[in-house]
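Dear colleague,

Please find the structure below for your records.

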Amino acid sequence: MPRTTDGDGTPVPQRLLAAATRLFAEQGYDRTSVQEIVEAAGVTKGALYHYFGSKDDLLHEVYARVLRVQQERLDAFAGADAPVEKRLRDAAADVVVTTIDNLDDASIFFRSMHHLSPEKNKQVRAERRRYHERFRALIEEGQREGVFSTATPADLVVDYHFGSVHHLSTWYRPDGELSPQDLADHLADLLLRALRP
């Protein structure tokens, strides 16, 4: 069982990530100190450095944990035994919902990505590229099968959809008229309409 420094049972890495996420969202990455993070998590600096080498590592993990979930879900959708149109629609809607479910994480990351070290930045870009390539492969599969139009290159279709997803944190409001699933359905339908032959 993971060690904790108090009786609540939450593992130290998760407490550190929760504290960092809250503080980065409230104050910004650059205005949040390591001392504030450890105090909010109720741990020592030694505990932080045991699990994360730096504040940069915390920022990377804020985004990486969401991307890991999204990659696992995309892999499941892509590998499902269903027509490519359904698999793409499900994947397109899912990335919207999972981004909204983790809106603080996405917002923090896109506001603060430039603070990552060159090595971490390169790693994040590779992880995102892997996700986008898997998504693009669904579009290309549908184009080869004649289900989707080839008039627009698959790369441009991917950029179009993820441009919308990556900007959700700038305009989506949980108290707005669209639920996460409603918005996901609309964006997925827009994507499929753009691909119709």
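In what order do the elements of the protein run from the N terminus on? They run α-α-α-α-α-α-α-α-α-α, and the secondary structure comes to ten helices and zero strands. Helices (H or I, at least four residues) and strands (E, at least two) are DSSP runs, numbered from the N terminus.

This is a predicted model, in which local features need pLDDT of at least 70 and side-chain atom pairs count only at pLDDT 80 or more, while totals for chains, interfaces and linings use all residues. Residues are numbered from 1 along each chain as its sequence is written, and side-chain values use heavy atoms, with hydrogens and water left out.

Overall figures

The C-alpha atoms of the protein fill a box of roughly 60 × 35 × 35 Å along the principal axes. Of its 197 residues, 45% count as buried, that is, under 20% relative accessible area with a 1.4 Å probe, protein chains only. The protein exposes about 10,400 Å², of which carbon and sulfur atoms supply 50%; these areas come from the Shrake-Rupley method with a 1.4 Å probe. Among contacts (heavy atoms within 4.5 Å) between residues at least 6 apart in sequence, 67% join residues at least 24 apart.

Helices α5 and α7

Helix α5 (residues 84-101) packs against helix α7 (residues 118-144) at an angle of about 150 degrees, and their axes are 9 Å apart. Axes are lines fitted to C-alpha atoms, for helices over the stretch in contact, and angles run from 0 to 180 degrees between N-to-C directions. The two helices are therefore roughly antiparallel, a term for angles over 145 degrees. On the α5 side the contact involves V84, R87, L88, A91, A92 and V95, which meet Y131, F135, L138, I139, E141 and G142 in α7. These residues divide into nine nonpolar, one polar and two charged. Here Ala, Val, Leu, Ile, Met, Phe, Trp, Tyr, Cys and Pro count as nonpolar, Asp, Glu, Lys and Arg as charged, and the others, Gly among them, as polar.

Helices α1 and α6

Helix α1 (residues 12-27) and helix α6 (residues 103-112) pack at about 60 degrees, with axes 9 Å apart. They are therefore oblique to each other, the class left once angles under 35, from 65 to 115 and over 145 degrees are set aside. T21, F24 and A25 of α1 make the contact with D104, D105, I108 and R111 of α6. By class, this contact has three nonpolar, one polar and three charged residues.

With kind regards

Definitions and conventions. Buried < 20%, exposed > 50% of the residue type's maximum accessible area, 1.4 Å probe, protein only.
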